[in-house]
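Here's a protein model to look around in. Let's walk through it one part at a time.

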Amino acid sequence: MKGICILGATGSIGVSTLDVVARHPDQYKVVALTANGNIDALFEQCLAHRPEYAVVANPDNVQAFKDKLVGTPIADIRVLAGADALAHVATLDSVDAVMAAIVGAAGLLPTLAAAKAGKTVLLANKEALVMSGQIFMQAVADSGATLLPIDSEHNAIFQCMPAGYTAGHRAKQARRILLTASGGPFRQTPLADLEQVTPEQAVAHPKWDMGRKISVDSATMMNKGLELIEACLLFDMDPDAIQVVIHPQSIIHSMVDYVDGSVLAQMGNPDMRTPIAHAMAWPERFDSGVEPLNIFQVKHMDFEQPDLQRFPCLKLAYQAIKAGGIMPTVLNAANEIAVDAFLNERVRFTDIAKIIERSMARFEPEAADTLEHVLDADLRAREVAEFVIGELLQ
């Protein structure tokens, strides 16, 4: 039986992971669950799965969580608080696998700690890889950690790679990756109407059930931009060898084009339990709870090239990965600030790309050779993005 730590247990990926865990109680034991502020959901998860540890990342919420435990069957759970506690539970000796599902830059340090500790890292937090790039991949190589992608697209690519493939290496026979995208809720919205998009409209994804930040990223296609950067690192591919393809039905999750002309595609219903179960059972497979794909109901599948006028964030992601150094970190940090400002109705939907572009213009692609340098660039980019927002609001 393997011990699993779920970083970000109350988010959509964490919930889906626990659903898969519950289907295989003979193979996985929950060692630690973490959450930031949703202590009610964390409490219910602890009741159901009885972890040894619960981490409340936001210290302001920890006492309220401890109070909920009093007099319950789970009163003896070890409760920890703060960012350092996330890294602590991710590196416990009793933990074999770490589901890295914390959204945004907050997931970087505990995910990197898990990689350095040689754990099996189930990577759902794309920002950790986008920010730290080669530092993260070097940690995986040095420790002998196993890195398995959870994003549906990267998991699909991984499944389409040759037998025995290991993340971080170039499959010489693979000449191109076709990275699919649904196109989000505004794929056909008139460009002139995008300025008036509300947060509620932006988070209403047509195919996937995701958190608010990721849903906005999907609407701007920054989510695909971050996935592009991640794919370059996970599969050691040049950005020009990765083509983004809009596929509204979200049945094909990505494809790999081989030198002999073969194109392998991974297909399935749009349900995150499929890639989660694949990674948890790898190199075997087990039941995920996902309904079998009814190909007759699909009827047809459409494919389009992305319009970079409609989705300027995707263009910025290509620019960031080609520039290299700290630029992917800057891109990610500015995006997090811009999306938060949009969700709080401080800026318009179309301002998100403007904030990122203007923030990136104020940086040079310095080397991202140490974690300290990466974290410093992240902090500076957030400050610059807030300054740019201030300029827009004048």
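How many residues line the second largest pocket, and which lie nearest its centre? The lining has 32 residues, and nearest the centre are Gly 133, Gln 134, Met 137, Gly 168 and Leu 233.

A quick word on the ground rules. This is a predicted model, in which local features need pLDDT of at least 70 and side-chain atom pairs count only at pLDDT 80 or more, while totals for chains, interfaces and linings use all residues. Residues are numbered from 1 along each chain as its sequence is written, and side-chain values use heavy atoms, with hydrogens and water left out.

**The pocket**

A pocket here is an open set of points on a 1 Å grid over the protein atoms alone, where a 1.4 Å probe fits and protein lies on both sides within 12 Å along at least five of seven lines; lining residues have an atom within 4 Å of a point. The second largest pocket holds about 520 Å³ of space, its volume being the space filled by probe spheres set on the points.

Who builds the lining? α6 (126-132), α7 (134-143), β7 (146-149) and α11 (222-234) each give at least two residues, and α7 has the largest share, with six. Helices (H or I, at least four residues) and strands (E, at least two) are DSSP runs, numbered from the N terminus. By type, the lining splits into 19 nonpolar residues, 12 polar and one charged; Gly counts as polar in this scheme, and the charged class is Asp, Glu, Lys and Arg.

**Two sheets**

Strands of a sheet pair through backbone hydrogen bonds, either parallel or antiparallel. Two strands count as paired if DSSP finds at least two bridges between them. The model has an open sheet of seven strands and an open sheet of four:

| Strand order | Pairing |
|---|---|
| β4-β3-β2-β1-β5-β6-β7 | parallel |
| β9-β8-β10-β11 | mixed |

Strand β3 (residues 53-56) runs parallel to β4, with four bridges between them, and Tyr 53 has Arg 78 in β4 as its bridge partner. Helix α5 (residues 108-116) packs on this sheet, touching β1 (2-7), β5 (97-100) and β6 (120-123), and its direction makes about 145° with that of β6. Contact means heavy atoms within 4.5 Å, and angles run from 0 to 180 degrees between N-to-C directions of axes fitted to C-alpha atoms.

β8 and β9 run parallel and are joined by five bridges, with Leu 179 standing opposite Val 244 in β9. Helix α8 (residues 152-160) lies across β8, β10 and β11, at about 40° to β10.

**A salt bridge**

The whole structure has 21 salt bridges, each a side-chain nitrogen of Lys or Arg within 4 Å of a carboxyl oxygen of Asp or Glu. One of them joins Arg 175 and Asp 257, whose closest N and O atoms are 3.0 Å apart. Arg 175 sits in β8 (residues 174-181) and Asp 257 in β10 (residues 252-258), 82 residues apart.

Most residues other than glycine have a negative phi, and most peptide bonds are trans. The bond from Trp 282 to Pro 283 is cis, with omega near 5°; Pro 283 lies in the loop between α12 (273-281) and α13 (295-298). Lys 299 isn't a glycine, yet has a positive phi of about 70°.
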